[in-house]
Structure formats: C-alpha cells, structure tokens
Amino acid sequence: MTRFILSRIAFSVLVLFLLSVFVFMLFYVSPSDPARIIAGDKATEELMAQIRSNLGLDRPITEQYVAFIGNLLQGDLGYSYRSSMPVSELVVSRIPVTMSLVFGGMVFWLAIGIPIGIVSAKHPGSVRDRLGQGFAIVGISFPTFVLGMLALYLLYFVPTKLGFMLFPPSGYVPFGESPLQWAWHLLLPWLTLALVVAAVYARLTRGQMLEVLGQDYIRTARAKGVDERRVTYVHAFRSAMPPLVTQLGIDIGLMLGGVIVIEQVFGLLGVGSLAVTAVAMQDRPVVIAIVLLGGVFVVVSNLIVDTTYALLDSRVRTAAR
Amino acid sequence: MSILPKTPAAAARASTEVQARGSGRLTLTRLLRDPASIASLIAILLIIAFALCAPLIAAWTGHGPTEQFRETGLTPEGIPVGPNSEFLLGTDQLGRDVLVRLAYGAQVSLLVGVFASIVASVIGIAIGTVAGFSGGVVDTVLSRTMDLVMSVPFLLCAIALVSVLGPSLSLSIAVIVFFSWTGLARVIRGQVLALRHREFVEAARSLGASRTSIMFRDILPNLVVPIIVYTTLMIPAAIVFEATLSFLGLGIVPPTPSWGNMLADAANGSLYLVAWWMVVVPGGALLALTLAFNLLGDGLRDALDPAAVSKGKRA
C-alpha cells in the first residue's frame with residue numbers, strides 16, 4: 001500500500017518536473033525579449049542589459065532553472081512583467097472565481113448527468129432512453145463557448161431587452177459579500193459548463209449501469225424481494241461508481257484549463273482569463289505559474305483518485321507491484 | 001477483367017475480394033439502416049461540398065472572404081447588417097460577408113479536424129502496437145509516456161506553446177496531434193496485449209513469421225474496428241479544439257476566416273448581442289459538423305460491432 005502510493009507520488013513529481021522544464025525551455029527559446037516587454041519600445045540598450053541582469057536572464061539556462069525551482073519551493077514565483085505584482089498574489093487572487101465555477105458546475109453536472117444515465121439504463125431502448133442519449137450526444141458535440149454565447153443571448157440579452165432581467169450580464173460577486181448574488185451571477189456559467197460535461201456522465205453512467213444491472217447478484221437481490229429502487233440506487237449504482245470517480249478526478253484535474261473559455265465568454269476574472277491575458281501580454285512568469293498550477297491540479301486529483309481506489313480495491317494494489 | 005478466373009491464384013484472389021467486400025457490404029447495410037448515420041453522412045458530405053465550393057460562392061456573391069464592405073455591409077453607426085438579399089447570412093464587424101467566410105472557414109475546420117485526427121491515430125496505432133507487442137521495458141516506458149501526456153493540462157500548455165511560437169495553422173495541427181494520440185494508443189495497446197498470445201498469433205510465429213509481419217498482417221487487421229471508430233470520434237474533438245484555439249486568438253491568424261475566429265469576432269465586445277447571426281451562423285455550423293461526426297462515429301461502432309449493440313439491448 002505504502003509502496004503503491006509512493007510510486008504514484010514519484011510519478012507525480014516526475015510529471016511536475018518535466019512540465020516545469022517544458023515551460024521553462026519554451027520561454028527560453030521564445031524570440032521575445034522580456035527586457036523589451038518590461039522596459040517598452042524606447043528603452044536604451046543599457047537599461048535593457050540592467051533589467052536582464054536583475055532578472056538573471058544573462059545567466060546560463062541551467063542556472064536560471066535551478067534558481068527558479070529554488071524560489072518556487074519557497075513559494076516565490078517572481079514578479080509579473082506587466083503589473084510588477086508578485087505572481088503568487090496575482091494568481092491566488094483569481095482562484096476563488098475559478099474554484100466557484102468548477103465546483104459549482106460539478107454539482108450541476110453530476111446532478112444532471114447521473115440521473116439521466118440511470119433512467120436510460122433502467123429502460124434501454126425506451127423513449128426516455130432515446131431522449132437521454134440524444135441529450136448526451138448533443139452535449140458532447142456542443143462547443144462550450146457557443147453554448148455560453150447562446151445562453152447569454154437568450155437568457156440575458158433578450159429578456160433584458162423585453163424589460164426584465166432574468167440573469168445578470170457577467171461578472172463575479174464574492175461569496176462572502178452576498179451568497180445569493182454569488183449564485184445568481186454564476187448560474188449561467190454553471191449551467192453552460194454542466195450541460196456540456198453532464199453529457200459525458202450520462203453516457204458513462206448508462207454504460208456502467210447497463211453492465212451492472214445485467215449481473216447475477218442484481219437478479220439475486222430482486223429475487224430476494226429487495227425494493228427495485230434500492231436495487232438500482234444502492235446495489236447497482238454502488239458498483240457502477242468507480243469509473244465515475246475516475247472520470248471526475250480527470251475532469252476536475254483538467255478543469256483549470258477547461259474553464260478558460262467559459263471565463264472568457266462570461267467575463268469572469270478567474271485563473272483561465274488571467275492566463276489568456278498573460279499570454280497576450282507575453283507575461284512569462286504568470287504563464288509559467290499558471291501552467292504549473294494546472295499541472296499540480298491534475299497530479300493531485302489523480303493522486304486522490306488512485307489512493308481512493310487502492311484503499312477500496314486490493315486488486316489495484318497488487319497490480320502496481 | 002474477365003468473369004472467369006484463369007489460374008488458381010487469381011481465383012483465390014478473386015474469392016478473397018468477394019469476401020472482403022461482403023464484410024464491408026454487411027457493415028454498409030447496417031449503417032444505412034440507421035437513419036441518424038445516414039443523416040450525419042449527408043450532413044458531412046454537404047459541409048465538405050460547401051467548403052469545396054467556397055471560391056464559387058465567393059464568385060457568385062462577388063464578395064471575397066476578407067473583402068470589407070463598409071458602405072453596404074455596415075449601418076451608418078458601424079453595426080453589422082443582418083441577413084438580407086445582398087448578404088444572405090449578414091455581415092461581421094468589418095462588413096465582411098458571413099456566408100463567404102463560413103465557406104472558407106469550413107475548409108479550415110475540416111482540414112484541421114480530419115488531418116490532425118488521421119496523423120494522431122497513425123501515431124497512436126504505432127505506439128500502442130509497439131507497446132502492447134513488445135512488453136517489458138519498452139511497454140513500461142511507452143505507457144508511462146502516455147500517462148505523462150495525459151496528465152498535462154493540455155489547453156494551458158497549448159496556449160503557452162502558441163504564445164511563444166506564434167499562432168499558425170501547422171502549429172494548431174501539431175498541438176492537437178500531440179494531445180490526441182494517447183487515447184487510441186491506450187486502446188490499441190490493451191487490444192494487442194489481449195491478442196498477442198492467441199492461437200493464430202502463435203501459429204503465425206510457429207510458421208516463422210517475423211515480428212513485423214505478425215504485427216501488421218496478423219494483429220493489426222483485428223483492430224480495424226476500434227481504429228475506425230476512434231478516429232471518427234477524434235475528428236469532432238479536433239475540430240472543437242481548433243475552434244477553441246482560434247476563439248482564444250491562438251489558432252488561425254486573422255484575417256483568414258475560421259469558425260473559431262468568426263466566433264471570436266462575435267464575442268469581441270459582446271458584439272453578438274446586437275448581431276446574433278455572427279454567433280448563430282458559425283456556431284450552428286460548428287455544432288452541426290461535430291454532431292454529425294459524433295453520430296457517424298456511434299453509428300459506425302454499432303455497424304462494425306453488432307455484438308456491442310445487442311448486448312446493450314439485452315441487458
């Protein structure tokens with residue numbers, strides 16, 4: 001058990017290490033000069049040389065990388081080239097928005113996707129199943145930003161033009177300020193995210209449930225006279241859950257990057273929109289920090305999933321050996 | 001070609017031809033029995049025809065894809081005009097014809113989606129087969145590499161990469177390929193692992209077949225179904241990936257039209273709120289294309305692997 005977890009942790013560290021080398025090398029080969037970005041177009045050559053030496057950019061790349069990792073381990077991510085704010089502060093200030101979006105959206109996509117999948121699997125081939133599968137395939141095909149723009153047009157702009165405000169245009173209200181406003185402002189982004197992701201869960205749940213419901217122990221439970229609801233939701237759904245947990249781990253891990261588009265469409269100033277701005281402005285330290293944060297997200301959620309699995313299922317532990 | 005085969009070899013060739021066609025025809029019959037598959041096939045062919053006709057449409061309307069009509073295509077306030085007799089699908093913020101741009105954008109979407117998926121699936125097949133067939137250290141290294149690529153936050157890395165190297169069509173394709181091959185590689189590896197100790201492989205080996213020959217002549221033909229299905233389902237994902245990159249300003253460089261660019265223009269300053277056609281037209285086209293490919297992929301899976309369907313229905 002310990003050995004399994006240790007091997008997973010070692011792999012996670014390797015992923016993060018390679019990711020950090022990747023972003024670092026990427027910006028090293030970049031044709032743009034950070035000194036030019038900081039000092040502007042009219043800067044003199046001496047000033048730029050001064051900036052380069054302050055940032056340590058005149059040193060060999062390996063030395064720069066070691067210094068970068070050293071600082072990183074102490075929680076120092078450097079300063080933004082554009083706003084001169086510490087990168088860590090800049091990124092941390094954006095995290096609540098993104099977290100609210102991801103975890104709120106998660107509640108909705110689970111609440112929409114899983115029941116649709118279960119109903120489909122209970123009545124395969126029925127009208128409800130066809131509707132559920134239709135929902136799934138449309139959701140899987142719908143590009144998030146198109147759905148988001150359509151939602152804003154139909155549910156914000158059209159009602160507003162008709163004289164009543166169904167949803168606020170965009171923006172974010174901190175939860176601490178007003179939980180109600182927070183939820184109201186996030187409802188459209190949540191639903192947009194949820195409808196697209198729920199499709200995946202509806203399909204997955206349907207497939208899993210179909211397989212489980214055909215098994216002997218379900219027949220046994222029914223033969224014993226267990227209530228059909230209990231058979232579905234307790235006996236069957238419990239065995240159908242592991243792949244859903246895996247999928248959830250993967251989705252949550254990748255969501256930091258996945259919600260970029262939603263943040264853009266709904267004007268939410270989260271980590272994703274910070275990444276887009278930083279990329280447009282060639283703000284290197286910010287981009288590096290966000291890519292690494294994204295990596296940490298993926299790695300940590302994978303670790304949690306793997307460990308939960310290993311705790312639940314001894315076969316996983318043995319396979320790792 | 002004469003009707004009667006003259007030599008035994010020709011007869012054998014002819015009979016294998018008939019058999020191969022038989023299996024293909026069976027699949028086709030199953031596919032054509034499914035209305036959703038037919039509809040999606042027709043939709044895809046129509047969009048391909050639309051993309052190929054882009055120059056004709058430009059000639060017919062007399063509007064170039066990047067030509068700006070500031071007099072007729074914009075209102076005096078500088079707002080795009082909606083669909084009318086001159087601009088059938090309206091204009092965008094620079095007074096360009098949305099219909100003509102849609103046709104040229106279809107070329108980009110199809111090119112990137114299909115090309116990137118095919119390249120990614122070739123890489124996935126090669127790596128998956130080698131990993132599954134070799135086993136041992138090679139398998140461990142390749143499998144870990146797949147895990148590695150899969151644990152990369154791909155959209156973030158893609159935007160970092162594009163921001164440094166500058167957006168272009170070829171870079172978009174490269175990025176999509178790099179992050180798309182792993183899914184198929186995993187499936188193929190698993191299948192090869194399951195197949196490589198089967199009797200027919202042992203038989204080929206005992207007949208002295210080389211490793212390459214076993215891989216390509218004995219194992220790979222058994223994997224045609226997952227390959228076709230996976231590649232078809234990869235196409236809509238690649239199309240959305242390209243559109244997302246373009247939407248974020250990191251894909252196809254403007255003024256070249258792509259559906260993602262057109263949607264980005266619509267989103268810019270929330271212009272689509274006063275010009276709905278700027279989002280409905282390219283957004284609808286994008287949805288239609290991805291939906292068609294997804295439906296076709298599902299239909300192909302059912303047609304190529306009828307066992308899976310009947311199992312699903314019985315349960």
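User: Which residues of α10(A) are buried?

Analyst: In this predicted model, the buried residues of α10(A) are A:A236, A:F237, A:A240, A:L248, A:G249, A:I252, A:G253, A:L254, A:M255, A:L256, A:G257 and A:G258.

User: Where does α10(A) bend, and by how much?

Analyst: The bend is at A:F237 and comes to about 55°, and A:F237 is itself one of the buried residues of the helix. The end C-alpha atoms of α10(A) span only 38 Å, whereas a straight helix of 31 residues would span 45 Å at 1.5 Å a residue.

User: Moving on to the contact between the chains, how many residues does each one give?

Analyst: Chain A contributes 44 residues to the contact and chain B contributes 37 residues. On the side of chain A that touches chain B, the elements giving two or more residues include α1 (2-29), α8 (179-213), α10 (228-258) and α13 (284-312) of chain A, and the largest share, nine residues, comes from α13(A).

User: And how do the residues on that side of chain A divide into nonpolar, polar and charged?

Analyst: On the side of chain A that touches chain B there are 34 nonpolar residues and ten polar ones, with no charged residues.

User: What about the largest nonpolar core, which residues have the most contacts inside it?

Analyst: That core has 158 residues, and those with the most contacts inside it are A:A275, A:I290, A:V291, B:I159 and B:L263. The element that gives the most to this core is α8(A), with 18 residues.

User: Take A:I290, then; what is it in contact with, leaving aside neighbours within four places in sequence?

Analyst: With those neighbours left aside, A:I290 is in contact with A:V91, A:V271, A:L274, A:A275 and A:A278, and also with B:L156 from chain B.

User: Now chain B. How many helices and strands are there?

Analyst: Chain B has 13 helices and zero strands. Of its 315 residues, 42% are buried, and among the contacts in chain B with a separation of 6 or more, 69% are between residues 24 or more positions apart.

User: Is α8(B) largely buried or in the open?

Analyst: Helix α8 (residues 199-206) of chain B lies largely in the open, because the number of buried residues among its eight is zero. After α8(B) comes B:G208, which has a positive phi, near 90°.

User: Where is B:S168, and why does it count as partly exposed?

Analyst: B:S168 is in the loop between α6 (154-165) and α7 (169-195) of chain B.

User: Which residues does the cis peptide bond join?

Analyst: The cis peptide bond joins B:P254 and B:P255, with omega at about 10°, and B:P255 lies in the loop between α10 (224-247) and α11 (259-267) of chain B. Most peptide bonds are trans.

User: Last topic: where in chain B is confidence lowest, and where is it highest?

Analyst: Confidence in chain B is lowest in helix α13 (residues 306-314), at a mean of 47, and highest in helix α4 (residues 98-134), at 90. The mean pLDDT of chain B is 82, and 90% of its residues reach 70 or more, but over residues 310-315 of chain B pLDDT stays under 50. Where pLDDT is low, the predicted coordinates should not be read in detail.

User: And what does the model score for ipTM and pTM?

Analyst: The model scores 0.84 for ipTM and 0.84 for pTM.

Definitions and conventions. Residues are numbered from 1 along each chain as its sequence is written. Chains are lettered from A and ligands numbered from 1 in the order in which they are written. This is a predicted model: local features need pLDDT of at least 70, side-chain atom pairs count only at pLDDT 80 or more; totals for chains, interfaces and linings use all residues. Two residues are in contact if their C-beta atoms, placed from the backbone, lie within 7 Å. Helices (H or I, at least four residues) and strands (E, at least two) are DSSP runs, numbered from the N terminus. Ala, Val, Leu, Ile, Met, Phe, Trp, Tyr, Cys and Pro count as nonpolar, Asp, Glu, Lys and Arg as charged, and the others, Gly among them, as polar. A nonpolar core is a set of buried Ala, Val, Leu, Ile, Met, Phe, Trp, Tyr and Cys residues joined through C-beta atoms within 7 Å. A residue is buried if 20 or more other C-beta atoms lie within 10 Å of its own, exposed if 12 or fewer, and partly exposed in between; C-beta atoms are placed from the backbone. The expected span of a helix is 1.5 Å times one less than its number of residues. The bend at a residue is the angle between axes fitted to the seven residues ending there and the seven starting there. pLDDT is the predictor's confidence in each residue, from 0 to 100.
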